[in-house]
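Me: I'd like to learn how to read a sheet in a model like this one. Can you walk me through it?

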Protein chains: 2
Amino acid sequence: MFFRFSTSSSFSSFSILLPKPHIFLPFKSYTTSFSAQIMPCKLIFRQLFEKESSTYTYLLADSLHPDKPALLIDPVDRTVDRDLALVKELGLKLIYAINTHVHADHVTGSGLIKTKVPGVKSIISKASNAKADLFVEPGDKIYIGDIYLEVRATPGHTLGCLTYVTGDGVNQHQPRMAFTGDALLIRGCGRTDFQGGSSDKLYDSVHSQIFTLPKDTLVYPAHDYKGFTVSTVGEEMLYNPRLSKDKETFKNIMQNLNLSYPKMIDIAVPSNMVCGLQETKSDL
Amino acid sequence: MFFRFSTSSSFSSFSILLPKPHIFLPFKSYTTSFSAQIMPCKLIFRQLFEKESSTYTYLLADSLHPDKPALLIDPVDRTVDRDLALVKELGLKLIYAINTHVHADHVTGSGLIKTKVPGVKSIISKASNAKADLFVEPGDKIYIGDIYLEVRATPGHTLGCLTYVTGDGVNQHQPRMAFTGDALLIRGCGRTDFQGGSSDKLYDSVHSQIFTLPKDTLVYPAHDYKGFTVSTVGEEMLYNPRLSKDKETFKNIMQNLNLSYPKMIDIAVPSNMVCGLQETKSDL
């Protein structure tokens with residue numbers, strides 16, 4: 001399925017389209033890149049940090065489209081006003097509020113964004129069983145203008161975890177960028193002991209869906225607790241202290257983490273199952 | 001003055017050179033960019049965050065030079081081990097530990113880095129009156145391989161504040177990147193009531209040395225307290241709530257901030273005046 005934002009349609013309409021022909025366009029992008037080739041790109045990109053839960057929110061937009069359509073990946077309820085102010089200042093039209101999974105450590109900003117910016121559609125995986133306006137499955141493409149995100153299923157931290165990867169093509173950002181949620185963190189990974197988690201599944205997900213991407217693919221996780229902002233697939237294959245190991249070693253590591261009960265889980269998960277709207281409604 | 005790292009010389013030697021002729025090289029860089037043109041670039045770039053003092057440390061290296069010479073801007077003592085581990089994993093040779101100014105909110109990592117990586121040279125402005133291996137002045141260029149930083153004087157937060165700007169040329173990163181220290185923060189600026197601070201000077205510094213750069217120049221500050229990672233000169237000229245105003249308004253804003261006494265200043269400044277070595281020595 002392709003979700004495409006088009007100038008001629010309202011924000012709520014989508015059309016199923018074949019991939020666009022490759023078009024060479026002048027460079028015009030905010031990007032974090034390890035470029036192995038000279039590639040045209042028109043992506044506006046910002047990484048934003050929420051300090052309390054150490055969550056990264058990502059803003060992506062097509063700078064060359066007349067409406068500058070944009071999406072947010074993993075917005076946090078506390079920082080929605082900051083994010084929307086930035087969207088406005090950069091002259092963007094927010095179309096989608098996307099989650100990589102049902103978070104257990106913070107309340108998603110998706111619901112709050114929808115109350116503040118009419119027309120924005122929330123997106124989550126079908127496998128998450130959470131509520132949202134649109135559900136995506138592996139292989140789907142989410143378009144903003146001519147830029148798209150490819151949907152990859154990376155369960156293991158939760159049942160419904162997705163990794164969103166920027167498109168592959170000459171008018172897409174090079175190198176590719178993987179928004180890995182909690183499946184792959186920089187030199188780490190998400191826990192696997194709640195929400196249908198499985199270390200066995202997580203290992204397979206990362207090795208089959210992320211480590212098969214080009215080594216220069218930029219890894220942008222949902223969290224970082226040590227102050228890293230970006231990594232690459234090649235670096236994580238070499239230096240991730242958990243996922244660079246064989247599967248049995250990985251499973252042993254995950255079984256012996258002895259982590260405490262997630263302090264926000266009983267508030268965050270019920271709220272995030274309804275796209276953050278439970279908390280929002282009680283505030284109204 | 002040009003500081004140049006060369007394969008044929010030791011890390012401690014420098015030579016005064018004319019600017020290199022422009023050479024077109026294949027793209028190979030970790031960069032955060034708003035590229036208006038297709039430009040070759042070979043910069044390895046990482047932004048790193050120290051959560052307690054909300055400080056950004058920047059790692060830059062020349063990926064095409066055989067030794068991958070690197071520098072760190074504004075390292076923090078607490079995160080030196082993280083930074084040096086990353087330098088090692090990326091296969092870089094750390095040459096310089098650079099400070100934008102004498103920090104009042106954290107102890108610089110420069111001294112500690114020098115004890116851990118022999119040959120690294122600390123750099124600070126001559127105007128800071130602090131100790132370091134090398135002192136730079138406006139107009140100097142600091143080279144790592146073929147990549148250079150241009151030194152600009154931006155006093156006002158402190159007497160000796162510098163902004164380091166990546167080079168201007170086809171084999172330098174495009175757009176340019178300005179490491180503004182505390183002179184210009186994203187939608188803010190450093191306080192001007194200590195360490196020889198002056199709101200009058202800060203206004204002139206930012207307007208004459210930073211706001212005259214191309215509008216797509218990326219602004220990388222020494223701190224961010226709201227979770228922003230990058231801005232542009234154009235954005236700050238429009239949306240900085242202090243520095244987009246006229247000078248008298250700016251001075252009034254700065255005079256009426258009513259900030260509390262900087263809690264780390266009595267520890268950090270004496271230590272940073274000797275490049276962080278005071279604390280290091282007492283630890284030995």
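Reply: Start with pairing: two strands count as paired if DSSP finds at least two bridges between them. Keep in mind that this is a predicted model. Here A:Leu71 stands opposite A:Tyr96 in strand 6 of chain A.

Me: How many bridges join strand 5 to strand 6 of chain A, and do they run parallel or antiparallel?

Reply: Five bridges link strand 5 (residues 69–73) with strand 6 (residues 93–98) of chain A, and the two run parallel.

Me: What is the strand order of the open sheet in chain A?

Reply: Its six strands go 3-4-5-6-7-8, and the pairing is mixed. Strand 3 (43–50) and strand 8 (134–136) of chain A each have a single partner strand, so they stand at the edges, with one side lacking a neighbour in the sheet. On average, neighbouring strands are turned by 25° against each other, direction ignored.

Me: Which strands does helix 1 of chain A lie across?

Reply: Helix 1 (residues 80–89) of chain A lies across strand 3, strand 4 (55–62), strand 5 and strand 6. Against strand 3 of chain A, helix 1 runs at about 160°.

Me: And what about chain A as a whole: how many helices and strands has it?

Reply: Chain A has seven helices and 14 strands. Of its 284 residues, 61% count as buried, where buried means under 20% relative accessible area. The accessible surface of chain A is about 10600 Å², 56% of it belonging to carbon and sulfur atoms. As for contacts in chain A with a separation of 6 or more, 63% come from residues 24 or more positions apart.

Methods:
Residues are numbered from 1 along each chain as its sequence is written. Chains are lettered from A and ligands numbered from 1 in the order in which they are written. This is a predicted model: local features need pLDDT of at least 70, side-chain atom pairs count only at pLDDT 80 or more; totals for chains, interfaces and linings use all residues. Side-chain values use heavy atoms; hydrogens and water are left out. Helices (H or I, at least four residues) and strands (E, at least two) are DSSP runs, numbered from the N terminus. Axes are lines fitted to C-alpha atoms, for helices over the stretch in contact, and angles run from 0 to 180 degrees between N-to-C directions. Contact means heavy atoms within 4.5 Å. Buried means under 20% relative accessible area, exposed over 50%, partly exposed in between (1.4 Å probe, protein chains only). Accessible areas come from the Shrake-Rupley method with a 1.4 Å probe; for residues, only the protein chains shown count as cover.
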